[in-house]
Amino acid sequence: MKSIEQAQSDIVEQFVDLDDWMDRYAMIIDLGNELPPLPENLKTPDRLIEGCQSRVWLDAERNDDGALVFRADSDAIIVKGIIAMLVDVLSGHTPDEILGADLHFIHDIGLDEHLSPTRSNGLLAMLRQMKAYAAAYKAKRG
């Protein structure tokens, strides 16, 4: 399992040679297309992320090692790519690792400067929900 830092570095590496934002958006869409679809039975209102303009579903469960495994989907292609990157970086890590993560890749690839205000709010909402799952699982474990 890659560290959170390594996963972020891998994402940054994918974007480093893409100077044009149309190419960067195309990369984000490609990453979204690689995200396995969330089964329809998990696309429930309790998994919808509040604060996103698009519909984004997020599911988390703890594996046998105590790490969280995230699954997600969205009905918007750019947003699906964004949640795919977050899932790639945070999935497979412990609640403490997730809660302590400094997700600098968003800034490093320039995404924070190229999202509309509503998409930026959605990105923050996705991240908040992932950290909320981590906090809940951490509390559950005692």
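Which element gives the most to the lining of the largest pocket? I found that α3 does, with 4 residues; I take helices as DSSP runs (H or I, at least four residues), numbered from the N terminus.

I note that this is a predicted model, in which local features need pLDDT of at least 70 and side-chain atom pairs count only at pLDDT 80 or more, while totals for chains, interfaces and linings use all residues. Residues are numbered from 1 along each chain as its sequence is written, and side-chain values use heavy atoms, with hydrogens and water left out.

**Pocket**

I looked up the volume of the largest pocket, which is about 240 Å³. A pocket here is an open set of points on a 1 Å grid over the protein atoms alone, where a 1.4 Å probe fits, with protein on both sides within 12 Å along at least five of seven lines, and lining residues have an atom within 4 Å of a point; the volume is the space filled by probe spheres set on the points. The lining includes K2, D10, I11, Q14, L31, E34, A84, M85 and D88, and α1 (4-15), α2 (21-34) and α3 are the elements that give two or more residues to the lining. By class I read 6 nonpolar, 2 polar and 4 charged lining residues, where Ala, Val, Leu, Ile, Met, Phe, Trp, Tyr, Cys and Pro count as nonpolar, Asp, Glu, Lys and Arg as charged, and the others, Gly among them, as polar.

I then followed α3 to its partners, and found α1 and α3 packed at about 145° with axes 8 Å apart (axes are lines fitted to C-alpha atoms over the stretch in contact, and angles run from 0 to 180 degrees between N-to-C directions). I4, A7, Q8, I11 and F15 of α1 meet M85, D88, V89 and L90 of α3, contact meaning heavy atoms within 4.5 Å.

For α2 and α3 the angle is about 70° and the axes are 7 Å apart, so I record the two as roughly perpendicular (65 to 115 degrees). The contact of α2 with α3 has 9 nonpolar, 2 polar and 1 charged residues.

**α3 against α7**

Helix α3 (residues 77-90) packs on helix α7 (residues 117-141) at about 30°, with axes 11 Å apart, and the pair is therefore roughly parallel (under 35 degrees). Among the residues that meet are I78, I82 and L86 of α3, and R119, L123 and M130 of α7; I read this contact as 11 nonpolar, no polar and 1 charged.

Note on methods
Angles under 35 degrees count as roughly parallel, over 145 as roughly antiparallel, 65 to 115 as roughly perpendicular and the rest as oblique.
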